[in-house]
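Subject: Structure handover

Hello,

Please find below the structure I said I would pass on. My notes on what was found follow it.

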Amino acid sequence: SGELSCSLPNPRNVHFESVNMKNVLRWSAPEGAGDGVLYRVKYSVYGVGRWIRKPECRNINTTWCDLSSETSDYEEQYYASVKAFLNGMCSDWTETTRFNPLTDTKIDPPTVSVSSTEKSISITLTAPEKWTRDPEGESVSLLHVYPGLQYNVSVLNRKTKKRWFFSISNNTLVVPWLEPETAYCVSAQIHVSTPLLHSGFSKEHCVATLKDQTTK
Amino acid sequence: EDALLPAPQNISVLSTNMKHFLTWSPVTVQGETARYSVEFQGEYEREYANDSWIPICECSLIASTVCNITEDISATVAYNLRVRADVGARRSEWGTLKGFFNPITTSLTPPLMKAIADGYHLLLELEDMGPAFQFCVLYWKKDQESTMWQKLVKKVSSVVHLDTMEGGADYCVKAQSYVEAINRSSSFSQTQCLRAQGDRSMWL
Amino acid sequence: LGSKVLHLGHCRVSLSSPEIRAGFNAIKANIQARDPIRTLSILSHPHSLHKVKSSDRCCITHHLLDFYMDKVFRHCKTEDPFIDRRISSIANSFLSARRKLEQCHLQNQCACGQESREKLTQVLANYAALNVTSAAIKSLGELDILLDWVEK
């Protein structure tokens with residue numbers, strides 16, 4: 001492809017964006033590069049010598065590349081690097097900082113399901129799953145990755161506007177002795193103490209307690 | 001030749017609830033303002049780093065006679081602390097804390113708390129005393145101290161649900177703060193009692 | 001911040017790991033940026049700490065605490081007072097944990113097997129492959145690797 005001159009400005013802000021260990025490399029186009037810029041991506045396992053090219057991200061025009069598969073071992077740490085090409089020019093390879101999937105990932109809130117009886121609500125929480133190469137294959141819960149994972153649960157009585165908080169380790173919670181025919185809204189957050197990580201609170205799930213059959 | 005500037009005196013540490021402050025008496029020089037600088041030294045510095053001292057930038061040439069040393073005095077080891085004064089071009093010797101300070105000796109106070117009865121539910125509002133703190137909460141049916149329930153509240157979020165209560169019964173609650181890093185607890189708070197629904201909830 | 005009780009065989013040691021992590025996270029980017037060498041790791045290659053048998057955890061933890069006290073922190077002085085203060089906080093927390101583990105070690109509850117000795121020899125070999133300052137800075141930059149393993 002002839003001699004390339006590497007005077008193109010570098011891609012900017014090259015970084016991993018990770019959610020539930022779905023690890024996507026993202027960057028911004030070189031300053032003032034305009035359209036038509038293509039990119040190549042490589043990555044390396046920290047402590048191991050070789051840089052490895054990602055074929056699916058060779059000469060791409062997008063400014064992201066999914067490296068989840070290549071960085072799925074969360075007991076390792078990684079670097080990734082991007083190079084830009086335009087009109088026979090190229091940039092230097094531009095690297096990320098060291099990426100530690102275990103501590104640098106963000107965690108989604110748990111999914112919340114709520115059912116009710118006349119005077120109680122039952123809450124079931126499900127931690128998000130770790131990204132997996134084969135969506136059809138066996139999934140791994142983040143509970144497996146972070147054994148000390150806990151849930152903070154918020155229960156709002158829509159009538160009195162009072163909000164209570166529960167902190168639980170297992171994923172089910174029954175709140176008894178509630179008022180019949182009252183709407184309760186539940187949301188939950190994941191909290192990991194080491195390493196210190198927490199999700200946002202989930203969307204609120206509201207359910208009403210049933211009519212009290214005993215009162216005629 | 002100017003008289004030697006005296007080193008700061010009465011250097012001491014005020015430490016409550018894992019917040020540590022170094023204080024000293026002012027060095028007074030007629031018509032001039034003294035400025036003070038603080039340094040610290042942990043056991044690591046004494047044993048492994050040639051007895052070196054580390055300056056606290058936030059307390060470098062300050063006019064105040066108080067320095068918040070919480071951020072630096074974070075391990076459960078014995079720390080040395082020292083202060084010196086500068087007035088104009090003159091500089092005093094270091095005044096050094098008598099003895100060591102170890103965060104393990106901090107004084108712990110019980111948390112501010114408010115017990116709440118919401119229907120049949122016993123709830124607790126607790127003061128947020130910082131990330132190092134957990135709370136041991138005891139609650140029991142009034143006049144039945146022999147049967148107490150205990151709950152460890154690790155993370156304070158406004159109103160913590162303790163338990164459900166028997167209709168119309170009186171319950172009492174007290175709490176103490178606990179710091180796992182130093183494995184120590186405060187004394188218990190005042191006891192608060194209240195009544196579960198079945199009657200109008202009221203303080204007793 | 002709190003602390004975490006590490007269960008290392010018969011030994012129990014409270015390590016203020018949230019405190020240490022907070023201190024490390026504050027300097028991680030700066031310290032790792034001072035380490036340009038991608039091809040060598042002190043702790044994780046060629047043999048990962050995570051492959052260590054549980055029976056060897058106590059010995060390796062004890063000796064790695066020693067390693068950081070003797071060979072790492074003292075060679076990491078920087079021109080930045082903020083970083084030096086965070087390193088002091090971490091070093092003193094390590095000293096506190098090491099002292100508690102020492103007591104257990106003296107009661108012969110923290111024995112070293114063959115695999116531990118090989119792993120520790122490898123760590124020292126990796127360290128010796130670089131000049132002291134580079135090796136110390138690289139080791140400090142790998143503190144999260146140590147904490148991720150110790151806290152498991």
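A definition is needed before the strands can be described: two strands count as paired if DSSP finds at least two bridges between them. Please also keep in mind that this is a predicted model.

Strands in chain B

With that definition, strand β1 (residues 12-16) and strand β2 (residues 19-23) of chain B are paired: they run antiparallel and are joined by 5 bridges. Within this pair, Ser15(B) stands opposite His20(B) of β2(B). The two strands make a hairpin with 2 residues between them, and Asn17(B) takes a positive phi there, near 50 degrees.

β2(B) also pairs with strand β5 (residues 66-68) of chain B, again in the antiparallel sense, over 3 bridges. Here Leu22(B) is the residue that stands opposite Cys67(B) of β5(B).

As background, strands of a sheet pair through backbone hydrogen bonds, and the pairing can be parallel or antiparallel.

A sheet in chain A

In chain A, 3 strands form an open sheet with antiparallel pairing, in the order β9-β10-β15. Its edge strands are β9 (111-116) and β15 (172-175) of chain A, each of which pairs on one side only. From one strand to the next, the twist averages 15 degrees. The antiparallel pairing of β9(A) with strand β10 (residues 121-126) of chain A runs over 6 bridges.

Where chain B meets chain A

The size of an interface is often given as the accessible area lost when the parts come together. For chain B and chain A, the buried area is about 1,100 Å², with 61% of it on carbon and sulfur atoms. The contact involves 11 residues of chain B and 11 residues of chain A.

On the side of chain B that touches chain A, β10 (121-126) and β13 (159-164) of chain B each supply at least two residues. The largest share, 4 residues, comes from β13(B). By class, the residues on this side of chain B are 4 nonpolar, 5 polar and 2 charged.

Where chain B meets chain C

Chain B puts 23 residues into its contact with chain C, and chain C puts in 22 residues. The area buried between chain B and chain C is about 2,000 Å², and carbon and sulfur atoms give 47% of it.

How many salt bridges are there between chain B and chain C? The count is 6. One salt bridge joins Glu71(B) and Arg86(C), whose closest N and O atoms are 3.8 Å apart. Between chain B and chain C there are also 12 residue pairs in polar contact, with both residues at pLDDT 80 or more.

As for the elements involved, α1 (43-48) and β4 (54-55) of chain B each supply at least two residues of the side of chain B that touches chain C. α1(B) gives the most to that side, with 5 residues. The side of chain B that touches chain C has 13 nonpolar, 3 polar and 7 charged residues.

Regards

Definitions and conventions. Residues are numbered from 1 along each chain as its sequence is written. Chains are lettered from A and ligands numbered from 1 in the order in which they are written. This is a predicted model: local features need pLDDT of at least 70, side-chain atom pairs count only at pLDDT 80 or more; totals for chains, interfaces and linings use all residues. Side-chain values use heavy atoms; hydrogens and water are left out. Contact means heavy atoms within 4.5 Å. Buried area is the accessible area (1.4 Å probe) that two parts lose on being put together, summed over both. Ala, Val, Leu, Ile, Met, Phe, Trp, Tyr, Cys and Pro count as nonpolar, Asp, Glu, Lys and Arg as charged, and the others, Gly among them, as polar. A salt bridge is a side-chain nitrogen of Lys or Arg within 4 Å of a carboxyl oxygen of Asp or Glu. A polar contact is a pair of N or O atoms within 3.5 Å; within protein, one must be able to donate a hydrogen and the other to accept it, and residues adjacent in sequence count only if both atoms are side-chain atoms. Axes are lines fitted to C-alpha atoms, for helices over the stretch in contact, and angles run from 0 to 180 degrees between N-to-C directions.
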